[in-house]
Amino acid sequence: MNISLSRFLVEQQRAKGHISAELRLLLEVVARACKSISHAVNKGALGGVLGSAESENVQGEVQKKLDIIANEVLIEANEWGGHLAAMASEEMDSIHIVPNRYPQGEYLLLFDPLDGSSNIDVNVSIGTIFSVLKKQDSQEGVSESSFLQPGRQQVAAGYCVYGPQTTLVLTVGDGVFMFTLDREQGSFVLTQSDVQIPEDTKEFAINMSNMRHWDQPVRRYIDECLQGKEGPRGKDFNMRWIASMVADVHRILTRGGVFMYPWDKREPHKPGKLRLMYEANPMSWLIEQAGGAAINGQQRILDLQPTQLHERVSVILGSKNEVERLHSYHLQQS
Ligand code: P6P
């Protein structure tokens with residue numbers, strides 16, 4: 001018997017008391033927005049949505065037309081429901097406060113509307129990443145500082161990967177669940193419950209072209225992997241790099257592995273490339289909820305106290321024993 005996302009959320013609300021009616025509504029609205037984004041992505045050239053939008057986002061990156069479409073879909077879908085106080089997006093410089101014409105709720109939604117945009121035009125998997133926080137009671141009104149909470153404060157996190165299947169992956173703090181879009185029914189159907197990442201792996205994901213810029217602990221780890229059976233690890237490793245975090249993380253949640261986008265000396269003032277609030281935090285919570293680990297080298301990512309909405313972070317996440325090894329290499333260095 002198929003369990004739809006809606007039924008799963010009702011049961012989480014009723015049986016486990018894990019989520020409020022407003023959070024359930026929020027997650028159903030986000031899932032519906034992801035369906036719309038999937039539809040636009042799947043049209044590709046036929047929808048006239050490929051290519052650049054001739055504009056830049058707050059990161060100074062050229063925006064793709066689909067980046068902007070996905071952002072608008074998420075904003076419009078979530079404004080009217082009464083469950084949100086405000087939203088924050090990789091594609092917007094500042095937060096988007098729910099307009100006065102709608103009721104305001106207690107939740108804060110953050111998202112990367114279309115992660116992996118460089119892959120859009122070459123038909124490689126991309127995805128939407130989202131994170132949900134609650135406004136802290138002490139906070140009157142809502143401002144950017146309302147969002148600056150450590151990742152361990154998240155109440156929900158997930159992504160939707162637009163690949164051969166469109167799959168929504170979600171946690172509300174009670175394990176990780178995967179829902180595959182049934183296009184005939186138009187609904188997300190539960191296809192994987194309580195996802196568990198193997199603690200060991202033979203697969204690492206990193207952009208090797210940056211090797212000469214890495215810090216010593218990362219170089220040591222990758223060198224040892226490349227030495228294979230004859231080296232200190234005593235086994236051969238495989239490498240993957242899709243350059244779409246959603247796709248790389250989905251592979252790790254599905255079969256294990258370690259994903260790394262570490263600090264490097266190309267831009268030493270930046271802690272990393274990936275964004276803490278709407279990429280690293282939601283992915284780190286999913287990975288931990290599935291039995292994995294996520295660090296920035298020295299610290300657990302979910303414990304980091306953000307100081308800026310769009311701040312970046314070094315990311316090492318995946319199979320627990322590999323991340324712990326990398327953590328020990330970083331501690332030995334400091
Ligand atoms: P590079 C996509 O632009 C992204 O933000 C992540 O999804 C991905 O893991 C990374 O950047 C790829 O970066 O430097 O390999 O192109």
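Trainee: At what angle do helix α6 and helix α7 pack?
Mentor: In this predicted model, helix α6 (residues 245-255) and helix α7 (residues 276-289) pack at an angle of about 10°. Their axes are 11 Å apart.

Trainee: How many residues of α7 are buried?
Mentor: The count is 12 of its 14, which leaves α7 mostly covered. Among the buried ones are Y278, E279, N281, P282 and W285.

Trainee: What follows α7?
Mentor: G291 does, and its phi is positive, near 90°.

Trainee: Which residues other than glycine have a positive phi?
Mentor: E54 is one of them, with phi near 60°. E54 is found in strand β1 (residues 52-56). A243 is another residue that is not a glycine, and its positive phi is about 60°. A243 sits in the loop between β12 (238-239) and α6.

Trainee: How do those two stand, buried or exposed?
Mentor: E54 counts as exposed, at 72% relative accessibility. A243 is partly exposed, with a relative accessible area of 38%.

Trainee: What is L109 in contact with?
Mentor: Setting aside neighbours within four places in sequence, L109 is in contact with L26, V30, N78, L84, A86, M87, A88, F130, S131, V132 and F147.

Trainee: Let us turn to K64. Where is it, and is it buried or exposed?
Mentor: K64 is found in strand β2 (residues 62-64). K64 counts as buried because its relative accessibility is 19% and the cut-off for buried is under 20%.

Trainee: What does the side chain of K64 make a polar contact with?
Mentor: The side chain of D121, at 3.1 Å. Beyond four places in sequence, K64 is also in contact with residues including G51, S52, A53, S117, S118 and I120.

Trainee: And S89, what does its side chain reach?
Mentor: The side chain of S89 reaches the backbone nitrogen of E91 at 2.9 Å. S89 is found in strand β3 (residues 84-89) and counts as buried at 0% relative accessibility. Apart from residues up to four places away in sequence, S89 touches N71, F111, P113, Y278 and H310.

Trainee: Where is L309, and how far is it from D93?
Mentor: L309 is found in the loop between β15 (293-295) and β16 (312-313). L309 and D93 are 216 residues apart in sequence, yet their C-alpha atoms are 9.0 Å apart in space. L309 is buried, with a relative accessible area of 1%. Not counting residues up to four places away in sequence, L309 touches several residues, among them A88, D93, E144, M277 and Y278.

Trainee: Last one: Y221. Which helix is it in, and what does it contact?
Mentor: Y221 lies in helix α5 (residues 216-227) and is buried, with a relative accessible area of 0%. Leaving aside neighbours within four places in sequence, Y221 is in contact with R233, F237, V258, M260, E322, R325, L326 and Y329.

Trainee: How far is Y221 from I252?
Mentor: Their C-alpha atoms are separated by 18 Å, with Y221 and I252 lying 31 residues apart along the chain. I252 is one of the α6 residues that meet α7.

Terms used: Residues are numbered from 1 along each chain as its sequence is written. This is a predicted model: local features need pLDDT of at least 70, side-chain atom pairs count only at pLDDT 80 or more; totals for chains, interfaces and linings use all residues. Side-chain values use heavy atoms; hydrogens and water are left out. Contact means heavy atoms within 4.5 Å. Axes are lines fitted to C-alpha atoms, for helices over the stretch in contact, and angles run from 0 to 180 degrees between N-to-C directions. Helices (H or I, at least four residues) and strands (E, at least two) are DSSP runs, numbered from the N terminus. Buried means under 20% relative accessible area, exposed over 50%, partly exposed in between (1.4 Å probe, protein chains only). A polar contact is a pair of N or O atoms within 3.5 Å; within protein, one must be able to donate a hydrogen and the other to accept it, and residues adjacent in sequence count only if both atoms are side-chain atoms.
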